[in-house]
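Reader: Hi! I've got this one open on my screen, could you walk me through it?

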Amino acid sequence: MKQLKVVCLSDTHSKFVDVQHGDVLIHCGDFTNWGHDYEIKDFISWLKAQPHKHKIVVPGNHDITLDIEKYPQLKNKFHRYSNYNPEKLLQDLKECCHLLINSSVTIEGFKFWGSPYTLEYCDWAFQITGSSQQFWEQIEEGSDVIITHGPPYYYGDKTYNGLRVGDKYLVEKVQKIRPKIHVFGGIHEGFGVYEEDGGYLVDNSITFVNCSIMDNQFKIQNKPYVYYLQKDE
Ligand SMILES: [Mn+2]
């Protein structure tokens with residue numbers, strides 16, 4: 001039996017928490033509040049200080065400077081008086097982790113696929129324009145772990161006012177791919193572990209985890225989530 005201890009967290013918004021040790025550290029995005037270069041640099045320093053052998057990062061809608069394509073437009077809105085170098089920040093981050101932007105990495109035989117993209121909401125970074133059905137077609141077959149910033153529909157996607165804001169096409173595609181676990185954040189108050197409903201194959205059911213560290217008021221309330229990824233050799 002092959003096993004990896006995976007430690008997952010999300011939505012730290014420029015706060016830094018103690019993280020359990022493990023083989024793989026995953027951050028599902030929103031490590032900054034406004035994508036300022038000093039916030040990204042602080043995150044890089046924190047990430048470098050973590051002892052995990054493998055680190056995987058997916059940005060979030062707040063990490064605006066890393067959305068290279070949309071940044072010129074976002075800069076006018078958020079960073080009008082600053083002059084950051086998005087390419088350099090992206091490069092520096094890539095040097096200390098596997099940065100997944102609609103891409104995958106295979107670690108010790110386990111495939112991790114990640115995307116920062118979410119449904120359109122208040123014109124932030126990494127937003128899906130048009131139907132997300134086609135967008136999620138790019139999730140790779142054989143993924144053992146799917147990492148997105150935003151939640152799938154129904155699992156960990158309920159906002160404080162009771163609305164479910166998750167992506168229906170994302171959950172549909174995840175249930176076709178059948179990873180062992182889908183980790184995400186985005187909706188802070190949706191924090192928790194959710195077992196797949198109506199799983200006709202019980203031993204094949206997907207674990208959905210919203211691993212937001214902060215609550216709705218941006219207070220640190222939760223601990224990183226630990227998952228043991230296992231596979232017969
Ligand atoms: Mn957030």
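This is a predicted model: local features need pLDDT of at least 70, side-chain atom pairs count only at pLDDT 80 or more; totals for chains, interfaces and linings use all residues.

Reader: Great. Which residues are the protein donors of the manganese ion?

Author: They are Asp11 (OD), His13 (NE2), Asp30 (OD) and His188 (NE2), at 2.1 to 2.4 Å from the ion. Donors here are N, O and S atoms within 2.8 Å of the metal (3.2 Å for Na, K and Ca); water is not among the atoms, so sites may look incomplete.

Reader: How are they spaced in sequence?

Author: The pattern is D-x1-H-x16-D-x157-H. His13, in the loop between β1 (2–9) and β2 (24–27), and Asp30, in the loop between β2 and α1 (37–49), are 17 residues apart and link distant parts of the chain. Helices (H or I, at least four residues) and strands (E, at least two) are DSSP runs, numbered from the N terminus.

Reader: Is His13 buried or exposed?

Author: His13 is buried, at 2% relative accessibility, and Asp30 is buried with a relative accessible area of 2%. Buried means under 20% relative accessible area, exposed over 50%, and partly exposed in between (1.4 Å probe, protein chains only).

Reader: Switching to helices: which residues of α5 are buried?

Author: In α5 (residues 168–177), those are Leu170, Val171, Lys173, Val174 and Ile177. They cover an arc of only 165° around the axis, so they sit on the same side of α5; the arc is that of the directions from the helix axis to the C-beta atoms. On the other side, Lys168 and Lys176 are exposed.

Reader: And what covers the buried residues of α5?

Author: The cover includes β7, β8 (181–184) and β10 (207–210).

Reader: Where is Trp136?

Author: Trp136 is in the loop between α4 (132–135) and β7 (145–148), and Trp136 is buried, with a relative accessible area of 1%. Leaving aside neighbours within four places in sequence, its contacts (heavy atoms within 4.5 Å) include Trp113, Tyr169, Leu170 and Lys173.

Methods
Residues are numbered from 1 along each chain as its sequence is written. Side-chain values use heavy atoms; hydrogens and water are left out.
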